[in-house]
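Welcome! Here is a short briefing on two spots worth a look in this entry.

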Amino acid sequence: MAWPVPVVRLALVAFMALMVAFTSAAPAEPRGIPQKPADDPFYQPPEGFQNEAPGTVLRNRKIVAGFFGLLPNPIEAHQLLYRTTSTNGSAIAGATTIFKPWFPKKDRFVSFHTAYDSSATICNPSYTYQWGAPPTDLISSAEMLLIEAYLISGYIVVSPDYEGPDAAFTPGHLEGMGVLDNMRAVTNFREKLGLSTDKPMIVGAGYSGGAIATGWAASLQPSYAPELNIKGWVQGGTPSNLTSTLLLIDDSTFSGFIPAAVAGLTMPSTYGAELQPLMERILTDKGREALDFARSHCAVANLLKYPNLSLFSKDIQTMGEGLLEEPSIKSVLGKNIMGVNKDETPTAPVFAYHAKQDDIVPYDDASRMAKSWCDNGADVKFTTFAHGGHATTEIVALPDALNFVKAAFDGKTESGCSRNTELKSDLDPLALGVELEPILNRLIKVLSNLGKGDENMKNNLNVLDKTVSTS
Ligand SMILES: *[C@@H]1O[C@H](CO)[C@@H](O)[C@H](O)[C@H]1NC(C)=O
Ligand SMILES: *[C@@H]1O[C@H](CO)[C@@H](O)[C@H](O)[C@H]1NC(C)=O
Ligand SMILES: *[C@@H]1O[C@H](CO)[C@@H](O)[C@H](O)[C@H]1NC(C)=O
C-alpha cells in the first residue's frame, strides 16, 4: 500500500533533521589528507589490466566524502578504478566515485558528469570529492548541491573522472568512452553496492564541460556500449562544436579555458601523437608557459591568469591567424563536432537546454546538434532559456532536469522532438518539494553571487572563488 505523500514527506523531513542533528554531533573521522592523484597508488592500474574488458573494475575503495552538508552524513561513498579506452583505442584506466544515499532506489543510478574543465589531475573529481581535499570554487560547489539534489531524490549518483588518467579537457571520444565504461564498472560492482539487477537503469547528466562528456557518451553508446540500459540523457550548455566554442571565448573574460583545452587535446591519451610535434614547432615560450600552467592548475586559476588571451596571437604561437586551418588541427577539431555522423546519434531520449545569450558556449551549435539528432531519428526535447547566462542557466534549469530524469526512469518522456522556451531566470525554492528546499535555497544564494545573466562573473571572475558554505 502507498502512504499518503504528505505523511511520507513529513516523516522524511523529520528523519533527515534527526540525522543531521545526530551526525553533526559525531562527524565522520577523516583518514588524513587525501593524496594527490599523481602520488596516489590507487590510480595506477594493476599489471595486465590491458587484457580486461572495458568497464572491468580494477580496484575499489571506500572514501570519506567531503561535502554533503545538507544530507544525513556520513554518506556511503566508494571509488572504482576501471578499464576504459583512449582516443587511439588502447587500454587506459579511469576512476569514478559512487555516492549512495540512505534509502536508494536499487534498480537505477544517475551518472553525473561534473564540469571540472581543467587538464590537471589535481582537479579530478575523485580527488576533490574526498574529505580534506582543497576547497572547491563556486561552480563546483553548485554542482555538489546538484548531486545532493539527486541523492535526496533517492538516486545513487556516480561521478566519473571522464577526462581519463591524463586529465584531458574537451576530447569527445575519450570522455564519452570514459563515461560509458564508468557505467559498466558501476554495474559490475553491483553486488557490493546492493543493486537489485544486473541491468540497472541509467540516466547520464552534465552541463557545459560535463555536457561534452554526456553528449559524446550519448553519441557513442549505440556502438560502444549497446548493452547498457540507458533511459535518458540530460545535457545543458553543450559545447557541441569545439571550433566555434574556441572562437567565442577567444580574447574574452573566459579565454583561460583555451590553454586547458589545447592541453587536453594534446595529451598522449588523446591526439598527442598528431598534435604534439606541431605544438613543439609552433609554440613560443609564452605559449609553452600557458600550457604548462594549464597542466598544473584548475579552471578558476586558469581563468584568472589568462583573460583576454587570443589563440591567434603570435605571442603564443608562430602560425598566427592560420592556426585552425592547419590540417592536423582542423582534422582533430572536425572529429569533435556532435551530430555530424549519423551513426553517432543517441538512441535514448535526450533533454538538451541552452541559454540563448550564453557567452561561453554558442547557442546556435547546440541548437544545430539537436536538430541533426532529430533528423537522424533521436528523441530530443530542446529548451531555450531566454534570459540568463551560462552559469545561471545550469542552476535555473535544475527542476526541469530533475523532472526529465524522473520521467526518463519512468519511461514517460515524449517520443519525437520538441522545442520550447523558458522565460524564468530564478529558482522557486519549493519547485521540487520540501525535501529539496534547503538545496534550492543554497542554489538561490549561488545565483545571487553570479548576478543576472552571469553579470558578476563576467565583470569579476573572483566571484568564482567564493565557495558555498554548507554549514
Ligand atoms: C563548427 O564551427 C565552425 C566555426 O564556427 C564552423 O565553421 C563549422 O561550420 C561548424 N561545424 C558544424 C558542423 O556546424
Ligand atoms: C595511444 O594511447 C596510449 C594511451 O594513452 C598512449 O600511451 C600511446 O602513446 C598512444 N599511441 C599513439 C600512436 O597515439
Ligand atoms: C579584457 O579586455 C576588455 C575589452 O578590451 C577590457 O575591458 C578588460 O579590462 C580586459 N581585461 C583584462 C583583465 O585585461
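What follows covers a ligand site and a helix pair.

This is a predicted model, in which local features need pLDDT of at least 70, side-chain atom pairs count only at pLDDT 80 or more, and totals for chains, interfaces and linings use all residues. Residues are numbered from 1 along each chain as its sequence is written, chains are lettered from A and ligands numbered from 1 in the order in which they are written, and side-chain values use heavy atoms, with hydrogens and water left out.

**Ligand 1**

- An oxygen atom of ligand 1 lies 2.4 Å from a polar side-chain atom of Asn 241, and an oxygen atom of the ligand is 3.1 Å from a side-chain N or O atom of Arg 368.

**Helices H8 and H10**

- H8 (residues 257-265) packs against H10 (residues 285-294) at about 80°, with the axes 8 Å apart (lines fitted to C-alpha atoms over the stretch in contact, with angles from 0 to 180 degrees between N-to-C directions).
- The two helices, H8 and H10, are therefore roughly perpendicular (65 to 115 degrees).
- Pro 259, Ala 260, Val 262 and Ala 263 of H8 meet Ala 290, Leu 291 and Ala 294 of H10 (heavy atoms within 4.5 Å).
- This contact of H8 with H10 has seven nonpolar residues, with no polar and no charged ones.

Notes:
Helix = DSSP H or I, 4+ residues; strand = E, 2+ residues; numbered from the N terminus. Parallel < 35°, antiparallel > 145°, perpendicular 65-115°, else oblique. Nonpolar A, V, L, I, M, F, W, Y, C, P; charged D, E, K, R; others polar. Polar contact = N/O pair within 3.5 Å; in protein donor to acceptor, adjacent residues only side chain to side chain.
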